[in-house]
Amino acid sequence: MSTEPTTASTTERSLVLVKPDGVRRGLTGAVLARIEAKGYRIVALQQREATQTELSAHYAEHEGKPFYAPLLEFMASGPLVAVVVEGERCIEGFRSLAGTTDPTTAAPGTIRGDLGRDWGLKVQQNLVHGSDSPESAAREIGIWFPSL
Ligand code: UDP
């Protein structure tokens, strides 16, 4: 009898946004390439301008914080790309690919660490968003892709 531990499949879906700075700078392809190179699958993808309803639902947890209004303004400043990503533990995995929130200190090798440029912009312009838990992913996928 095998003594190998059996690991349950943990295929997940995550909601990723390429924020308006990423789209403006032509980095959508670079972000998607890293997602695919990691072995994740792109299930749905849409480039468009976000509505205030989508943005206030998406960032509801940050309402009332000093950076909330500037963040929503920035997120509405141009088209963004919303993506549903699927893969083994891809929620945590994409957060790891993205790097920490502040691009200045995000580790080299990460999307934010390699490509992010938040020169005094209050950590808004950090290229990407990725869901932080299965509950957030389900909620966020429902906001951006209600038909999924
Ligand atoms: N943000 C900001 N100022 C802050 C903290 C966050 O503008 O002091 C923005 C930034 O774009 C960040 C987003 O708000 O990505 C959501 O913040 P969170 O703490 O959830 O960071 P994330 O999960 O995106 O790393």
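**First stop: Asn126**

Select Asn126 and its contacts: leaving out residues up to four places away in sequence, Asn126 touches Thr101, Pro103, Arg112, Gly116 and Asp118 (a contact means C-beta atoms, placed from the backbone, within 7 Å). You're looking at a predicted model, where local features need pLDDT of at least 70, side-chain atom pairs count only at pLDDT 80 or more, and totals for chains, interfaces and linings use all residues. Residue numbers start from 1 along each chain as its sequence is written.

Asn126 sits in the loop between α6 (111-115) and β4 (128-130); helices (H or I, at least four residues) and strands (E, at least two) are DSSP runs, numbered from the N terminus. Asn126 counts as buried because it has 24 C-beta neighbours inside 10 Å (20 or more is buried, 12 or fewer exposed, in between partly exposed, with C-beta atoms placed from the backbone).

**Next: the UniProt picks**

Now select Lys19, Phe67, Arg95, Thr101, Arg112 and Asn126, which an unreviewed UniProt entry lists under "binding site". UniProt positions use the numbering here, feature names are shortened, and annotations may be inferred rather than shown by experiment. Zoom to Phe67, in the loop between α3 (52-58) and α4 (68-75). Phe67 has 13 C-beta neighbours inside 10 Å, so it counts as partly exposed.

Select residues 90-98, helix α5, and colour its buried Cys90, Ile91, Phe94, Leu97 and Ala98. They share one side of α5, because they cover an arc of only 125° around the axis (taken from the directions from the helix axis to the C-beta atoms). Their cover includes β1 (11-18), α2 (28-37), β3 (80-88), α6, β4 and α7 (134-144). Finish on Gly99, which follows α5 and has a positive phi, near 90°.

Conventions. Two residues are in contact if their C-beta atoms, placed from the backbone, lie within 7 Å.
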